[in-house]
Amino acid sequence: MNNKFNKRIVLLALNIGLMVGSFATGSAIAAGCGQAKLVEAGSAGISVSKNTCQEQSRVNLGSVLELSPGSRMWLKFDPNPTGESFQLICQNRSAAAINVSVASTASPWIKPQGLKNCDQWKNNKLVCEDASGEKTSFFCAIASAKPEKSKNPMEVTTSVKMRGIPMPAVVPVEDVIKSIKPDIELCKSLYNVTEKAEMSWTVSFGIIKDLSVSSDNKDFITCVEGVVKQANSNQDVTVKHSF
């Protein structure tokens, strides 16, 4: 009697252990779903399919991103085992939509579909032809990225007290510039902007105003606008710098 009872207790404990282990594994997978994030503020005209991630903006292996004509896709990847982080931007200048699959867990991660001469990356850039043979109809650039923190680089992370009232700490403009420089450089690389570009904008009550970029490249300007939107700010700030 006691032996049977003990066996039942052991079996019950094993089943509970398996259930807890499965739940923990499932939770870990859900928490870390996907290896990349679609940067919505820097992307336009993108639709995602075959993606099993529930978390907004996360895409996993096997996902397909459709870029409508004239659209731009911006992906930021999780740090690799050595702690390095990377980001990638692609521009579709063809007259047709282009599908891009997340095909690998390592650089260059993606594989555009239905394009010609689209397998060779050179100097962290990819230039493809569309089905009609039109060159530079689709192109991408890869660059390093600063690891994302739990909070936005320009969000308030500390506070000070004035007469007993908590006041938000001011983020220096130099820190703002430092945090967005890698993204600006990637925009320059994608659109072959080699000269210095003077930029300025103001953030007031979280709204970006008076963005100015000294460039005639409209695609580059919209890319910069995407960077500024990503940064945002919880404080009033005016930024002026040559990148």
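# Rings, disulfides and nonpolar cores

Colleague: How many aromatic pairs does the rule give?

Modeller: The count comes to 3 aromatic pairs. The rule takes the rings of Phe, Tyr and Trp (its six-membered ring) and pairs them if their centres lie within 6.5 Å; planes under 30 degrees apart count as stacked, over 60 as edge-to-face and the rest as tilted. Please note that this is a predicted model, in which local features need pLDDT of at least 70 and side-chain atom pairs count only at pLDDT 80 or more, while totals for chains, interfaces and linings use all residues. Residues are numbered from 1 along each chain as its sequence is written, and side-chain values use heavy atoms, with hydrogens and water left out.

Colleague: Why is the pair of phenylalanine 77 and tryptophan 109 called stacked?

Modeller: The ring centres of phenylalanine 77 and tryptophan 109 are 4.0 Å apart and the planes stand at 15 degrees, so the pair meets the rule for stacked rings. Phenylalanine 77 lies in strand 4 (residues 64-77) and tryptophan 109 in the loop between strand 6 (98-102) and strand 7, 32 residues apart. Helices (H or I, at least four residues) and strands (E, at least two) are DSSP runs, numbered from the N terminus.

Colleague: What makes the pair of phenylalanine 139 and tyrosine 191 edge-to-face?

Modeller: The angle between the planes of phenylalanine 139 and tyrosine 191 is 90 degrees, with 6.1 Å from centre to centre; since edge-to-face requires an angle over 60 degrees, the name applies. Phenylalanine 139 lies in strand 9 and tyrosine 191 in the loop between helix 2 and strand 12, so this pair ties together parts that are 52 residues apart in sequence.

Colleague: How do you know that cysteine 90 and cysteine 140 form a disulfide?

Modeller: The sulfur atoms of cysteine 90 and cysteine 140 are 2.1 Å apart, and a disulfide is a pair of cysteine sulfur atoms within 2.5 Å, so the pair qualifies. The torsion about their S-S bond is about 105 degrees, so the disulfide is right-handed. Cysteine 90 is in strand 5 (residues 86-92) and cysteine 140 in strand 9, 50 residues apart.

Colleague: Why is cysteine 90 called buried?

Modeller: Buried means under 20% relative accessible area, exposed over 50%, and partly exposed in between (1.4 Å probe, protein chains only). Cysteine 90 has 0%, so it is buried; cysteine 140, at 1%, counts as buried too.

Colleague: What makes the disulfide of cysteine 187 and cysteine 223 left-handed?

Modeller: The torsion about the S-S bond of cysteine 187 and cysteine 223 is about -75 degrees, so this disulfide is left-handed. Cysteine 187 lies in helix 2 and cysteine 223 in helix 3, so the pair ties together parts that are 36 residues apart in sequence.

Colleague: Which residues touch the most other members of the largest nonpolar core?

Modeller: They are Trp74, Met199 and Phe220, in a core of 30 residues. The largest share of this core, 7 residues, comes from helix 2. A nonpolar core is a set of buried Ala, Val, Leu, Ile, Met, Phe, Trp, Tyr and Cys residues joined through side-chain atoms within 4.5 Å.

Colleague: With which residues is phenylalanine 220 in contact, leaving aside its neighbours within four places in sequence?

Modeller: Contact means heavy atoms within 4.5 Å. Among the residues in contact with phenylalanine 220 are Ile184, Cys187, Tyr191 and Met199. A second, separate core of 22 residues includes Leu65, Leu67, Leu115 and Phe138.
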